[in-house]
Every structure is written in C-alpha cells, then in structure tokens.
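Let's take a walk through the model, one selection at a time.

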Amino acid sequence: MLGRNAGGLFWLFRFMERAENTARLIDAGFRLSLARPDDGQGDWESILKTTSSLQSYLELHDEVESNAAVNFLLRDKNNPSSVMSVMSSARDNARMVRTALTQEVWEAVNDGWLTVKDLLSRAVRPADLLAALSTIRQQSAIVRAALHGTMLRNDIYDFCRLGTYLERADNTARIVDVKYYVLLPSVSHVGSVLDNAQWESILRSASASRSFRWLNGGDINPRTVAEFLILDRQLPRSLAFSTAKLSTNLEYLVEQYGERVPSADLARGYDVRLRAMSIEDIFENGLHEFIQGFIQDINTLGNQVEQDFRFYG
Amino acid sequence: MTAKQHFDEMMGMAEHPGSERAPYRGFNNWYQGQDPAYLRKKTREAESMFRRIGITFNVYGQKEAAERLIPFDIVPRVISAQEWSRLCRGIEQRVTAINAFLHDIYHRQEILRAGRIPEHLISQNDAFLPKMMGLDPPGNIYTHIVGVDIVRTGENDFYVLEDNARTPSGVSYMIENRETMMHMFPELFSQVRVRPVGDYPQSLRKSLSACAPAMTQGRPRVAVLTPGIHNSAYFEHAFLADKMGAELVEGSDIRVVDGRVAMRTTRGYEPIDVLYRRVDDDFLDPMNFRKDSMLGVPGLFDVYRAGGITIANAPGAGIADDKAIYSYMPEIVEFYTGKKAILKNVPTWRCSEADSLAYVKEHLAELVVKEVHGSGGYGMLVGPTASKREIADFRKKLEAKPGNYIAQPTLSLSTVPIFAKEGLAPRHVDLRPFVLVQPDKITITPGGLTRVALKKGSLVVNSSQGGGTKDTWVLEE
C-alpha cells in the first residue's frame, strides 16, 4: 500500500472521529447551558478549549455566547475544527484514498458529507440543534458500520483503526484535561447539584453516561468518574481502552509486514504502563500532570506511526 | 440556429417523418409504454445516484460550484451492429496509422522525406518532443489509449473530428452511464440486446500489461498517475485505478530508485512497470521537461529511455492529435496503411496559409474556428451561432495570430432525442469510442461516450459548456 494512502486512511478516520466527538461535546455543552442562569458561558469556554478553538473563536467574537459558540463549533468555515470543516477534510481524504476503500465505505463518507453539508448550510436554531447533532453522530456510525461490515482485515483496516483510536484517546484526554479541576477530590465540591451536572456533562461528552450508571449504580463522584474515563477496560472511549487498541492494531501491522517498528514498541509501552496504574497513583502524582503527559505521548505516537509507515516521505 | 436539415438518428431525415429507424425500434417500443412523470422521477434519481457515487468533475476558476455533475440524459444513443463494425474498421485503420506515424516521426521521418507533410509542422510544433527521437517505447506502442471523436451527418456519413492521442478522458462516464441505466431500467435491457461495456477496465489492465517493459518480473505492476484530487478528471483516475486493481499515485509518491521508477509504500519503495499517466508531458519529469513543475518525477524520462518503464501514452504522442496535423490525416492514413481512409476528415483550412486565411476571414459566419492547441471547447468560434460582435472580436484575434487557428465548415451534426419537458426533443451529439492498443491487437469497447448539447440548436457538446452525456448502445448482431 502507498504510504500516502496509509496516511489518508489514518486521517480520514481521525477526522470522522473528531466530527463525532465535537458533536458530542456540543450536545453536552448545550444541555448544561440550559441548566445555567448565565447561559453556560463558562461551559462553552471549556468546550472551545477542549477543541483547541477558543483562540480562533475570540478572534471572531467579542464574548463567549451559547448560540455563537454552537455555530462556530458546528459550521464555521474559519474554524478548521468545526464539524463541517472536519467532515470536508474527511471526505477529501476519502477521495484521495478512494482506491483503498470499498464502495460502501466511500458512499457512506460521501453521503455523510452531503447530508451534513445540507444540514449545516444555514445557522442551526436551538430547537433543531439536538436533532442535527444526532444526525451527525448517525452519519459517523454509518461509516463505521460500513468499515466493519465490508473491509478486509488487513493493513488498510489497521490504519483506519489507528486513526480512530489515536483521535479518540486524544479527545477523551482533552475532555478530562479541561475539566480536571472538577474531578479533583475536594471536600467543598462533593455532592453539590452543580457538580453533579458537571460530571454528568463530562460523561455525556464521552458517551459514557449510561454505561457509567450501569457499572457504578448511583455512586457518582470525581474519583469514580475519572477512573472510568481513564482506566476502564470496557469503556470504548477510555484512555486505557484506546491505548490497548492502538497497541493491538500496531501489532497486527507488525505481523502482516513481518517487521517490528518503533511505534509498536511505543504503544506497547504505554499500554503496559496504563495497565499497572491505579486511580490513586494518578491522583497522587497529579491528575493534570498525568493527562498532559498522556496527550504528549499520544502525539509522539502519532508522529512515530507517520514515520514508520512513510505517510509523507 | 441551424436552419439546415440534419439527420436524426432515431427518426432519420427530418423531411421524411414517420416511423423510427430500425436500431431505435426496441427503445421506442419501451418508451411508448412509459409514463412521462415516472421518467422524470427517474431522471432525478439518476442525478442523486451520480452525486452519491461521486461522479463529479471539477470546474477550474469556479470556487462555489467546484464539483459539478455532468447532466445525464436517459434516452440512449443507439448504434446498430453493422454501423458499429464499419466504424471499427475505420477506427482501427486510423489508430494503426497514428502509431506508425509516431514511430516514423521519432525515427527516420520518412513521411517528411516523402514531402507528404511540411517539415516545419513537426520541427516547430510544441507537441513534438525531440527527446523521443530514436527511442523505442516497450512494444513499440505510442498511443495505448485513444479516444477518437466522431460525428455523424447522415445515414452513412461519419467524420473524425479529433484524434485524442494524449490522455483522453470520459471512459468512466461510458461505464457509469450504463450502470445507471441498468439500475434504473433493468427491463429495458431484457427487451433490447446491448453489448456490454463494463469490462473496459479489465481490458485496459490487460492491454497495458501486454506493453510492459522486458525487464518486468512476474505480473506487471500498473499505476495510474494523477495530478490529485483537485484535477477535473480525478474521479475517473480513481475509478480506473480502482477497477483495474492498480495503484493511484501522485508525483509525490514516486521517485527513481536504483534505476527504476518506484512508489513509496508503507514498506519502502517498490518498482512500477507500467505508468498510465493522466498528466501532460510537461508535468512528467521536471528534470527533463518543465523545470518549474512540482508534479513530475525527476529522472523518470531517463528510466524510460533505458527501457525501465512503460509510459502510457508515450511522451510526445500529442503530435499526432495536434489540430494542424489533423488536416493531413487522410495522407497519413494512406501513407502508412496503403489504403484510403475509411473514416472521413472534416475539410480543414489552415489559417497559417495565406489563401486559407483569406477564405476563412471572408466566411467567418459559416465556419467553426478553433485554436490549434486548444481543447475543451474554449477559445473557439462557432460562426453560425455567434453574434456580429463575437465575430468581430474573433476576427481581431485571428488576424493577430493566424497560425494559431484552423477553420472547418459547420457540419450538420446528427441529433438524438433527449427526454425534455415536452417529451422527446432532438439535440446534437458526438461520439467518443475508446480504443486500446497493444502489440498486434487493437480493442475497441462497443460503445463510447456520447456527448449531447442540451441547449436547443447548440452544437457545443463540451461538459464545461453546457453539454451532457448519454448511454451509448451498440446492439448485438
């Protein structure tokens, strides 16, 4: 397979994952802002931070405001991380790697892009927002289904999965990073209504709200939420799960190519380290520091994958 | 407007109205039983199918509508088995002559020595590549893929308008138009026996493989070279690579490694045996051709010269479809095949010649004037439909650079009905069959790309100028 195509597949699925995650963040932010007397200004600010787009937002708007933030995150062409921008990039990559995709996957991506483009051609009114977000998530789900249902399980598939999990690990880590202060066990926070809403919102952003309850019953507190998002081995969006998958997929590539690559060793190292960690260790050494380190590691891994498989040269 | 009588391929000459011509009988029987509202719905369906599959073309310089669909008309263009076999004989003869001509021009230049073509027409032509002199391409094939543009003016009158010997495009439409028709009207294909076109990509792969260089080991590795996703024909490049099971490469993917042209894979560089390039000569190799090009592969031509790769079509093949050379095609065919050309050439005035220029200036309102090196229907004057103002403007351009133009009479192009608001309505069409050339074998896919001028009376069929396409049927014997 061409190195450029491997890169195209990787980015196609990074962008698809990003679109879905941004939609989920907006969903969580919107619900939270409805419960706030101040329109949830602080919440939108942290969502903009999570998607690394606060600065570009402030270049265009004087203040953080719910409706403007939603549209900036959803459809602003000046925001390279907006759902629309990211879907366009995903489709450009899919066009580039068209020969590596099954017809079903290509059509799912193209259909998704056409649907979302139409959906976001005008500003989205609050009354239509949740339905629009749900459509975006569905389009992403259809692409994933086409991938699972029709693609050969070979290197092509592995590069798709690497893109998905790398992006997901990074996104979940950013959610935790921006909100780490509410996840710190501090006496004054515990049990207040406001913080329950915050935690709920964090779980929602990672599509983990229902599974959290299912596993933990009503026992919602910072320690269990952080543990769930970071270390849970069943939650498909946790850091531990994503890291394990990154390692597995790299091992598949090593097996298919018959050659060990540095990125596989890196991922295996991260996986082993996370498996040995408890949430107490993490809190003791600093949640913030841990997350910062994790985001850095994931970034390093991405660069190594890019080199090992000759995405660009 | 064309006041002249024209030949309608479904109904015959307009002065003899009545029943349809035989090749259209099957279609017409079916059509008469259809509900127009249902057909209109199907037309919209076809459009959304094209958009979903992504059969779009990019229009340069139009940011908003960067990706557009070529309009598709659901009425097929039908060619009988006899008509087709006659066309094929003519095409085969012409393409054989073109390859012989290219070999000669890049070797002993017998045709120039014999005085059949003026020497300056070659030596001063931008499409002539001196670097190709004395070089023997693998299999001795120059034009692996040719798209011959043919127009019809009567029951038995076919003219070649252009020989596209560089990188003819449109073949993906030939295939997808058929796919779409079969999808929408399956019952039609059980009533009329139409020869299939879907095996073109396999034929292309076989034909290209048969031209692989001698040093190829095992199954030849074929790659399609595209300028990238922003190119107007990118869909087709990806489509062909996909259906052939070939790699789709860009210039940045390939470089010369150990004397071979190789592509960067996830596991290192692997050699390419046959490169089906969809870029112009100028963009092939910045070291050997254009220095400022970022699109090419430095050193590619040196590998080619050493016999390390097949390039399809060969660099320099464009000299054969140059519009100035076109006017000599009857001589070229006769010179190399020893027989009269089966397919007619449109009479052509070369404005570089004083007498011709004088005639053309006198008759601008009747003629079609084209740029010698132009394509895509740009920069041409269609006299009979142009305004006085347009003619006056064009006259200035022509006087400034006469050598840049050729002129031809406006042919009374045949029409085929389209499905319009008012029902079936005749529109002018042309035809581009696709021809594959390998040593000792020429394959012509039964069908081709029918382009149709959707505007009433218009003779311009180019997609960039409001043209559409039709499925082209060649009937079984």
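One term before you click: a residue is called buried under 20% relative accessible area, exposed over 50%, and partly exposed in between, using a 1.4 Å probe and protein chains only. This is a predicted model, where local features need pLDDT of at least 70, side-chain atom pairs count only at pLDDT 80 or more, and totals for chains, interfaces and linings use all residues; side-chain values use heavy atoms, with hydrogens and water left out. Residues are numbered from 1 along each chain as its sequence is written, while chains are lettered from A and ligands numbered from 1 in the order in which they are written.

**Stop 1: a loop residue**

Select Gln465 in chain B. Gln465(B) sits in the loop between strand E24 (449-453) and strand E25 (467-474) of chain B. Those labels follow DSSP runs, numbered from the N terminus: helices are H or I with at least four residues, strands are E with at least two. Is Gln465(B) buried or partly exposed? Its relative accessible area is 37%, so Gln465(B) counts as partly exposed.

**Stop 2**

Next, pick Phe189(B), which belongs to helix H7 (residues 186-191) of chain B. Phe189(B) is buried because its relative accessible area is 17%. What does Phe189(B) touch, not counting residues up to four places away in sequence? Show Arg178(B), Met181(B), Met182(B), Val194(B), Asp471(B) and Trp473(B) to see those neighbours; contact here means heavy atoms within 4.5 Å.

**Stop 2: another loop**

Keep Gly26(B) on screen and select Ala212(B). This time the C-alpha atoms are 43 Å apart, for a sequence gap of 186 residues. Ala212(B) lies in the loop between helix H8 (200-209) and strand E8 (222-225) of chain B. Ala212(B) counts as buried because its relative accessibility is 18%. Leaving aside residues up to four places away in sequence, Ala212(B) touches Pro138(B), Pro220(B), Val274(B) and Thr310(B).

**Stop 3: a strand with two partners**

Highlight strand E17 (residues 367-371) of chain B. Four of the five residues in E17(B) are buried, so the strand is mostly covered. Two strands are said to pair if DSSP finds at least two bridges between them. E17(B) runs antiparallel to strand E19 (residues 405-409) of chain B, joined by five bridges. E17(B) also pairs in the antiparallel sense with strand E18 (residues 381-382) of chain B, over two bridges. Zoom in on Val368(B): Gln408(B) stands opposite in E19(B), and Val382(B) is the bridge partner in E18(B). While you have side chains showing, recall that in a regular strand they alternate between the two faces of the sheet.

**Stop 4**

Move to strand E10 (residues 254-257) and strand E11 (residues 260-265) of chain B, which run antiparallel and are joined by four bridges. Arg255(B) has Ala262(B) as its bridge partner in E11(B).

**Stop 5: zoom out**

The C-alpha trace of chain B spans about 65 × 55 × 50 Å along its principal axes, and buried residues make up 58% of its 477 residues.

Now switch to chain A, with 16 helices and zero strands. Along the principal axes, the C-alpha trace of chain A spans about 55 × 50 × 35 Å. Of the 313 residues in chain A, 58% count as buried. To finish, colour chain A by contacts: among those with a separation of 6 or more, 67% come from residues 24 or more positions apart.
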